[in-house]
Amino acid sequence: MSSSYIYFAIILSAIATYLPRILGAMSSAYVDENGKIFKFVSCISYGILAALISRIFIYPVGALEETATLSRLIAAALTIACLFMTRKNVLFSSLFGIILFGIIEY
Amino acid sequence: MKNTFNKSFRQGCFEGAGIPGISLCASFFALGAVFKNTGLDAYQSFLSTLIAFALPGQVVMAETLIVQGALLNVFLAVLLTNARLYPMTVNLIPVVRQEGRPKWHYYVLSHFIAVTSWVHFLANYEKIKKEDRFNFFLGFSSTLWFLSVIATVIGFYIAGVISKKIFIALIFLNPIYFLCMVVSNLRTKHIIFTVIFSFILSPILFLLSPQWSVVIAGLVAGIVSYLIFIHFK
């Protein structure tokens with residue numbers, strides 16, 4: 001793999017990343033914060049985000065692939081329980097989640 | 001423009017350097033290690049996060065490079081992975097929009113829109129005055145971007161030095177943080193339904209089409225939820 005090939009790949013990735021952002025910024029001119037389209041786009045955005053999180057927990061790529069699915073799901077479930085018990089303290093719950101995951105996995 | 005870098009901007013910077021920044025840095029730290037294993041050098045790793053700031057897309061680029069994929073494949077794979085940024089940007093810009101602000105400001109701002117900044121800001125924006133939101137979000141998201149660039153380079157150089165167990169725990173921090181942010185932001189029926197439905201649908205669709213599962217699951221869950229709870233209400 002030549003160095004120039006990698007630089008081209010990075011530049012194309014940058015274009016492919018910025019394209020949905022700038023198109024989104026242009027389209028947003030027609031969206032009102034209190035309108036139905038805004039709610040529709042919220043639904044789609046949260047839907048895609050939840051799908052992404054679900055995929056990371058159940059079918060991750062990279063180093064997390066080497067960990068057990070059950071460990072990840074137990075850690076996720078107990079983290080959610082912790083989140084509600086701590087009145088939605090995200091910092092505490094996130095730290096609880098990774099420590100718990102470390103204990104379960106190792 | 002001269003009023004952009006004001007107190008709200010600084011508050012955003014400060015907030016970005018907290019738990020959202022720590023969580024994101026952990027993932028970009030890991031990305032730096034992935035890039036090193038892929039064969040990128042430190043400058044290329046730095047450049048990637050600087051100009052193509054969106055972690056899943058960067059991982060896909062590295063994976064495509066490993067299998068010697070064509071440049072067109074890199075472009076399409078990253079575009080598909082980052083398609084989620086379109087609805088997120090459409091969703092976020094109206095919240096930060098200010099009367100009289102030139103359009104190009106929003107085009108610059110859009111470079112910093114990613115999952116962490118989006119989910120954190122939408123969970124908290126109602127506490128921020130409408131006229132301060134643009135500046136706050138710019139400070140918040142650009143701080144995340146800046147920290148991510150640094151974390152990528154540090155990750156590149158420190159790859160292999162820290163234990164693999166700690167490395168994996170660090171990678172797990174970001175999805176756990178996303179999960180906490182999304183769950184803590186479940187306030188309305190349509191969002192609760194969307195998130196639960198999509199969470200179940202995504203792994204099922206993954207078995208049929210790994211590449212499209214996230215986008216299709218999100219679209220189906222979002223459209224069904226919108227029709228049930230808003231359109232036909």
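The legends below describe close-up views of a predicted model.

**View 1. The largest nonpolar core of the predicted model.** This core comprises 106 residues. The residues with the most contacts inside the core are A:Leu49, A:Ile53, B:Ala30 and B:Val182. Helix α10 of chain B, residues 164-184, supplies the largest share, namely 15 residues. Both domain 1 (7-185) and domain 2 (187-233) of chain B contribute residues, and the core therefore lies between these two domains.

**View 2. The surroundings of A:Leu49.** A:Leu49 is among the residues with the most contacts inside the largest nonpolar core. Leaving aside residues up to four places away in sequence, A:Leu49 touches B:Val115, B:Val119 and B:Val182. Of these, B:Val182 is also listed among the residues with the most contacts inside the core.

**View 3. The two domains of chain B.** The domain assignment divides chain B into domain 1 (7-185) and domain 2 (187-233). The centres of the two domains, taken over C-alpha atoms, are separated by 23 Å. Five residues of domain 1 are in contact with five residues of domain 2. On the side of domain 1 that touches domain 2, three residues are nonpolar, one is polar and one is charged.

**View 4. Helix α1 of chain B and its buried face.** Helix α1 of chain B spans residues 7-16, and its buried residues are B:Ser8, B:Phe9, B:Gly12, B:Cys13 and B:Gly16. Viewed down the helix axis, these buried residues fall within an arc of 145°, so they line one face of the helix. An α-helix has 3.6 residues a turn, so residues three or four places apart point the same way. The buried residues of α1 pack against helices α2 (19-38) and α9 (133-158) of chain B.

Notes:
Residues numbered from 1 in each chain as written. Chains lettered and ligands numbered in written order. Predicted model: local features only at pLDDT ≥ 70, side-chain atom pairs only at ≥ 80, totals over all residues. Core = buried A, V, L, I, M, F, W, Y, C linked by C-beta atoms within 7 Å. Buried ≥ 20, exposed ≤ 12 C-beta atoms within 10 Å, placed from the backbone. Helix = DSSP H or I, 4+ residues; strand = E, 2+ residues; numbered from the N terminus. Domains from an automatic or database assignment. Contact = placed C-beta atoms within 7 Å. Nonpolar A, V, L, I, M, F, W, Y, C, P; charged D, E, K, R; others polar. Arc of directions from axis to C-beta.
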